[in-house]
Each structure stands twice: as structure tokens, then as C-alpha cells.
Amino acid sequence: MRTSQPQTIYLKDYKVPAFVVDHVDLRFELFEDGARVHSLLNVRRNPESDSTEKNLELDGDSLTLESIQLDGRTLDEGDYDNRGEKLIVPAVPDQFELAVVTWLEPQNNTRLEGLYKSSGMFCTQCEAQGFRCITYFPDRPDVMARFRTRVEADKAAYPVLLSNGNDVEKGDLENGRHYVTWEDPFPKPSYLFALVAGDLVEKRDSFRTMSGRDIDLRMYIEPRNAEKCDHALDSLKRAMRWDEEVYGREYDLDIFMIVAVDDFNMGAMENKGLNIFNSSCVLASQETATDMAFQRIESIVAHEYFHNWSGNRVTCRDWFQLSLKEGFTVFRDSQFSSDMGSPTVKRIEDAAMLRTAQFAEDAGPMAHPVRPESYMEITNFYTLTIYEKGCEVVGMIRTLLGDEMFRKGSDLYFERHDGQAVTTDDFVRAMEDASGRDLTQFRLWYEQAGTPELTIRDDFDQSSGVYRLSISQTIPDTPGQTNKKPQHIPFALGLLGAGGEPLPLTLTADEQDAPKERVLELTEAEQSFEFHGLDERPVPSLLRHFSAPVRVDYPWTREQLTFLMSNDVDGFNRWDAGQRLAIDVIRSLIGQGDSAPVDPGLIAAYRGLLADDSLDQALVAKMLQLPTEAYLIELAEKPEVQAIHQARERVLSTLANELRDDLMACYHRNTLSGVYEVTPESVARRSLRNTALAWLLHVNDDEARSLALAQYADADNMTDRMGALRALVGSDFEEDREATLDDFYQRFQKDPQVVEQWFSVQAASGRTGSLPQIQQLMQHPAFDWKNPNKIRSVIGAFAGQNLPAFHAEDGSGYRFLSEQVCRLDDSNPQIAARLVSPLTRWRKFAPVHGDQMKAALEKVSQKSGLSRDVYEVVHKSLAGK
Ligand code: B3K
Ligand code: ZN
């Protein structure tokens, strides 16, 4: 628990470490009532440091120090200082051995950082600063050491003992105990350390690398999950092959291990050779995981695997550089997912998430650059900005350099910095050096927070045939940053003729055979571009593929949007036009009551989508999804949540009623027979069919009700079973809803990952997720305050997805959330700090909401002993104008 006001850490204060550690020898004695950790460090003064610092400073958190020896001499209490979160050993020699013994209580560790227990097994989470909860250490990523780890535990209770690298020795000990020693030949920062001990089943596979080495792939799970590993192992092999083919990266150790644990703060962790996963992000079977879960698992398995190069072999110098590994690795996993499935759909999913959630972050009190300048608690900076905007920044470099130069750049980066801890600037420099391009202005993407806004206007001169686009960019102020400079923005576009044909983009009057798509480079606050040789005013297709993470303001007419929806050659922009059209229609209905007519143009456009089986069905499935409430709220100035909800519901009901027969036909046309497979085509069909079902049940269609009940009962996979359940939950057929929810729980109660889905489908729905119902779910025997997934699936789903209930005008949703945050703050501050996030946007809302959100935040800020994690979020949100 915090005793003083949290300190702010600044990038500008970075100094190379005064001492480095070459080797770490660890011995873990694991018991039921605690763990003893013996650590032996080979420490030496860092030749690259000009510091004259005589004292050795080590980090430590919540540790009991049992003994400390320097070069074999035991230090007395007066010989060192271990007050606060540091252990300071004064006047150390230039080179020495430090032996430290600490005692910890993993069984009582509810923060899930450092060494803790999950379902009876020991496991670790060290990123970013969990290693200091295990032993005293210079716990910073630029100290890279070789680790040797001996794990000792009771043999019957913990037959499997794992750590990083290769197992080099094992044997039995007295009292029914045993040990295994692991050695990792690659120097690594402490955040990549991992240990697992448990009664686990092993699933094996193997992979032959491009140079012909055979890698042992091993997955460790609890016995009840033995049948849920195939998908992760297949995904892993695909990722390994892909990284060889696309980036030339080969795996380096002889063993690659994956462990699934139920209690985990994040999705997964890329520990060297021993990735640890949240069970929900790695275990899957057709009966228990939806298509979306299958795809998520494939991408997370790949993401963690890709970190072996982008993160582990080349790591971050300090935590301000987090996006160096995260942005690049998200970019790599997005490319991989595109290659495995539908690139257009993947781009749509990424852009939708970015525009809904990252843009909101950029516009809120926690806004920060991709390379932040300061933080209080680094755990709060595992954000959409670091990850997703960081990914976009890498993607823009690729767009500017082209595929070939980008690959040269990444080769140079890996070659130049292998084994080093580096910065985002080193990454950009490698890209510059390989390509010869100057990315000076581009670097502003790392330095300036906020989402650039492009205002685009156009005119056409019939007499000269010149079409002119004027583009201006501004970047809004964010906390601590004003008067921003224009950024370097790759802007992809095309022009369409009246018949929908792509037109050449002729930049000068004498240019021949101009391309039909271009990437313009915006570098000024205002720029204009002329396109020659046009017979008539074209329809512009702007920011194709979402070529930069920016907002676009252009006065589209509904006719232009409808036209783009069915004619653009860029699938992404077809989808985008559909979204913009739907947004425009929904917005125009806000506050208009239940009888205001819905634009027939929108209905016709959706009818067209449903009718045309020749279109890419994966794209159609995405186009049929109406913009989410969260996105509509994000776009609004002072959003009125209930009114937005009602307007959207009105459009949904109108579409469902007007298109009833088309939806029925779509449902039947997309009924699959044969074996379940997760291909883009079959995923799209299931998605279309379940969307049709949900829409029809939204208007309580009787025939659809029978279809849903039958689909629920007969489904051979979770996508269809959950699709039917979700549709029933969204209907007014109360008895069916209750009966099906009960049946679902009875069927799957032994499977925590499915119970989590059962919780969230209820918590996210207006019909089953009212506050009293949420409180009831929290009383359910399957709810568990110590399990982050359960908290997310009930409280997180309520506050993040059930927006009309969360934003209830009496403020009850806000008060509820603040109470849960306070309760969690003591046990798991990381999760508490994430959970509080919906309240931080209080300034965005009209006072009727905003004042109560603010009051809820103030309540949290008054809690005594507030963690650094929650303190930072709450205080930054309340600070300022
Ligand atoms: N690097 C980890 C995240 C660790 C979060 C620590 N609070 C997962 C990932 O991005 O791959
Ligand atoms: Zn990552």
C-alpha cells in the first residue's frame, strides 16, 4: 500500500544504469505457506555509465529480506538501507557477487504481479515491474542478464516445474520434493522472467525451422482443458512459419512453451521461451469458443510469439519506449491475421476499435503520446495509444516506404540492435537508414498526443476539368501539450466517376497513365491538390484503407455515401461509407420520437446488401453491423446516451421490420451444413445468419423465435449457440430468455471460460443487465472477486457495453462503479485502474451526467490508501480546467 504521494517519472531523467548484472542464479523453494527465493547476482560497474555512484540501488516491493551477502560476507542491518521500495548497498566494489534471500507469500498475492497462485499452481507475471516482487533487482529493461533458475517443490502437488530456456538438470530431493534447473542462454531483462509450477498436463507438437532445426512445442494446461489446445498449437505453427517468410525471423531456443492460467490481469505474456496466457486467450474448442474467440486466440498466440524478436531479442531501453515492442508487434500480428483471413475485414475491425476507443483515449484526460514523456504508474500505460496507435504509426512507415524498403528497414533494425535495449527513435532511424527517407517530421507521431483532424473541401472547375481537394490538419490540445505542429500523414485516395469507375489521378496536365489510387503526403497545416483531365465532378474516396489514424471531416451527401457503399473498389471505404450513412441517419433521429421516419435510402442500401450474394460475404457481415452506441457517443459533442440509444434502436427496429423477408432469406441461405471450420467464408456466414436472427428477435418475430430456440438446441458450435442465446436475450420473450440462460449455465457451469461468456452476455444487455441484476450476478457462486476475467465479464461489460444502464440519469451506474473500484483497489489495483476508465470522460458529457460522474470519481479519490495505479487515473481525470 502506498504511504506517500506517488512520484512522476520523466523520460528526460533517463540515465544509463550505473551497474549491470551479467548473470542471475535463482533458487526457488516453493511451499504452501510461502516461497523462499535465493538470488545470486554477478554485478559490475557499467562501462557505459559516467556515474560515480558508489551505492548499488536495487528495486524491491512487498518483500521480506532474510539475508544479504556481498562477496560471501553477510551484511548486517546497518550495512544497507531497505526502507521504501529500494535496497541500497553503500560503497560497493566495481565487480562483486551479491547473494540475497527473500521470503514471499504467493498464496496471498491478489495483485497477480510477481509470483502468485492461480487454481493451485504457482505462476509469475513480471512485466512491467513484477520481478521486484520476487527479489531485489535493478528491475529496468536496460539491465539484461543471463538467468539460471532452479525450482524446487513438492513432487506430487507440483510435478511440472518450468522456467525460461532449456531444462538442464532435474532430480529428487528429501521429503517428497523435487527440482528442475532451467538455463536461458539469451540475456534478457527481468520483466521477461517466468516460472510455473503445477499439476499440469503436457501437449506436445513440433516445428521445423527454415534452417532445419526441430523445435519442441509444449503446451501446459490443467487436465480438464486437455482437449482445448489444438487451435493454439496450430496458430503457433502458422505464426512461426509466417515470421520466417515475411520477416526472415527464426525461433532461437530448442523449446517453446505455452501455459494457460485462469487468473491473469492481461491477455498473455511473452516471457522468453515460456509464454503465459490468460486461459480465455488460448483455450478453445468448437463447443466452447466462438469464432471471434478462435480468431482472437490466433492473433494473441502470434503476437506473443512475434515478441520473441520484437521485444525479447530487441527490447526496450526504458518503459517510455513501450510502443517500440508493442506497436511493432501489434502491427506484425495484424499483418499476420490479414494474411490468414480477410484483409479488408481485419482492417475494418482494427479501424473500428481505434476510432471508438483510442480516439476516445486521445480526447480524454489520460491522453499521451505513443512515446509518453512521463508517468506515475507504468501499468496504466499499456494503452490503446501505445498498442493500437503505435501499430498505426508503424503501418504508416510501411505505407511511406513501400513493402520492400520496410522489410529492409526491419532487417536492419533486428541486425543492428539484436541483444540490445533500444528506443523508438532507433527503430525509426533503422527505417531511415535502410530506405534513405527522411522521417524527421514523421517522428512527431511519437511525440504529439491527440488525433489529427483533417478538414477536406473540394471544388470542380468544369471548364478546365480540374478537381481540387483542399486539406487542412489540426491537432487538438491534450493535457500538457498545445500548439502542435502539423504531422506527416500518408493519405490514400481514389476518385470515382458517375458510373462507379475508378478514375486516373492525374496530378499535372501532361501526366500520362496516372494511377487510380495514390498516397498523398500531407505535411503542412493546409495543402491543396489538383487532379486534371476530368469530364465531370468525381466522388472522392478519401483515406482509403484508413491509411492514417485521423478524423476526416468532409461534407458527404447521403447520395455520395450510398454511391460509395456500392461502388468503391476499396472495401474498407465501402464499409466506412455505410457507417457514415447510418451515423448520419441515426443522428438525425435523435430526440425525434418513435414515429419519425427512417430514411428509405438507408433501408434500400441495407436491402441491397442482404440481397446480393455475389458480394464478399465477410464484408457484408461487417457492413450490416450498425455503428455501436460507444462510437456514436464518441462522435457526439455532449452525448445524450438515452437519446442516442433510442435513435439507434429505432433504426434497428425499422430495418428489421422493413427487411423482414430479406433477413429470413439471409438466415436460411447462410445455414451451413457439414463440419465446423473457422475459415473467413464460414465465419462470415455464421455472422450474417446470427445478425439476421438478432435483428428479427429485436422486433420479437415469432418465426425467428422458433428458429433461435432450435438453433440454440441443435448447435454444434459455440458461435451458433451463443448467437441464438444473444438473440433471445435481446428479445422480449422473457420466458425463453430465462430458460435458455438457465440451460446454458447448467450445460457449461464447469467451464470458467464459458461461464464468463454467460456473465457478459447478460451484463451487456439492457434486458438482463439492470443494476439489480448486475448485483445479483455478483452474488452468483461462479463470480469471483479474485479473478479478473469475472470482474471484466460482469462489471466491465456493464460499464463498457450496457451504456444506457451505466449512464442511468440517477447516477446509480456511476456510484456502483466507484464502489467496485474502491473495493478492488486493495486487492488488485491494476484491474481497479482499468475499471475506473469510463468515469474519466466526465467532461465530455452534459452536466446531468458529467457532474455525477465527477462525484463518483471524487469518491474514489477520497478512499484511504489509494493505490498508485488508481491515484494516477483519478487525479489526472479530475485535474485541469
Ligand atoms: N507484454 C504483455 C503485457 C504486460 C502487461 C503488464 N501490465 C502482453 C503483450 O503485449 O504481449
Ligand atoms: Zn505485446
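Me: Which residues come nearest to ligand 1?
Reply: First, a caution: this is a predicted model, in which local features need pLDDT of at least 70, side-chain atom pairs count only at pLDDT 80 or more, and totals for chains, interfaces and linings use all residues. Residues are numbered from 1 along each chain as its sequence is written, chains are lettered from A and ligands numbered from 1 in the order in which they are written, and side-chain values use heavy atoms, with hydrogens and water left out. Of the 14 residues around ligand 1, those that come nearest are Glu127, Glu270, Glu304, Glu326 and Tyr387, where a residue is near a molecule or strand if one of its heavy atoms lies within 4 Å of it.

Me: What polar side-chain atom lies 2.7 Å from an oxygen atom of ligand 1?
Reply: That atom belongs to Glu304. On the nitrogen side, an N or O atom in the side chain of Glu127 is 2.6 Å from a nitrogen atom of ligand 1, and for Lys325 the corresponding distance to a nitrogen atom of the ligand is 3.4 Å. A polar contact here is a pair of N or O atoms within 3.5 Å; within protein, one must be able to donate a hydrogen and the other to accept it, and residues adjacent in sequence count only if both atoms are side-chain atoms.

Me: And the zinc ion, which are its protein donors?
Reply: They are His303 (NE2), His307 (NE2) and Glu326 (OE), lying 1.9 to 2.0 Å from the zinc ion (ligand 2), and their spacing in sequence is H-x3-H-x18-E. His303 in helix H2 (residues 291–306) and Glu326 in helix H3 (residues 322–340) are 23 residues apart, a pair that links distant parts of the chain. Donors are N, O and S atoms within 2.8 Å of the metal (3.2 Å for Na, K and Ca), and the site may look incomplete because water is not among the atoms. Helices (H or I, at least four residues) and strands (E, at least two) are DSSP runs, numbered from the N terminus.

Me: Are His303 and Glu326 buried or exposed?
Reply: Both are buried, which means under 20% relative accessible area, with exposed set at over 50% and partly exposed in between (1.4 Å probe, protein chains only).

Me: Back to Glu127: what is the peptide bond from there to Ala128 like?
Reply: The bond is cis, with omega near 0°, and Ala128 is found in the loop between strand S10 (121–125) and strand S11 (145–154). Most peptide bonds are trans, and most residues other than glycine have a negative phi.

Me: Which way does phi go at Ser62, positive or negative?
Reply: Phi of Ser62 is positive, near 55°, and this residue is exposed, with a relative accessible area of 57%. His545 also has a positive phi, of about 55°, but is partly exposed at 32%, and sits in the loop between strand S30 (539–541) and strand S31 (551–553).

Me: Switching to sheets, what is the strand order in the open sheet of 5 strands?
Reply: The order is S16-S17-S18-S20-S19, with mixed pairing, and two strands pair if DSSP finds at least two bridges between them. Strand S16 (201–208) and strand S19 (268–269) stand at the edges with a single partner strand each, so one side of each is left without a neighbour in the sheet. Strands S17 (residues 214–221) and S18 (residues 255–261) run parallel and are joined by 5 bridges, and Arg218 stands opposite Met257 in S18.
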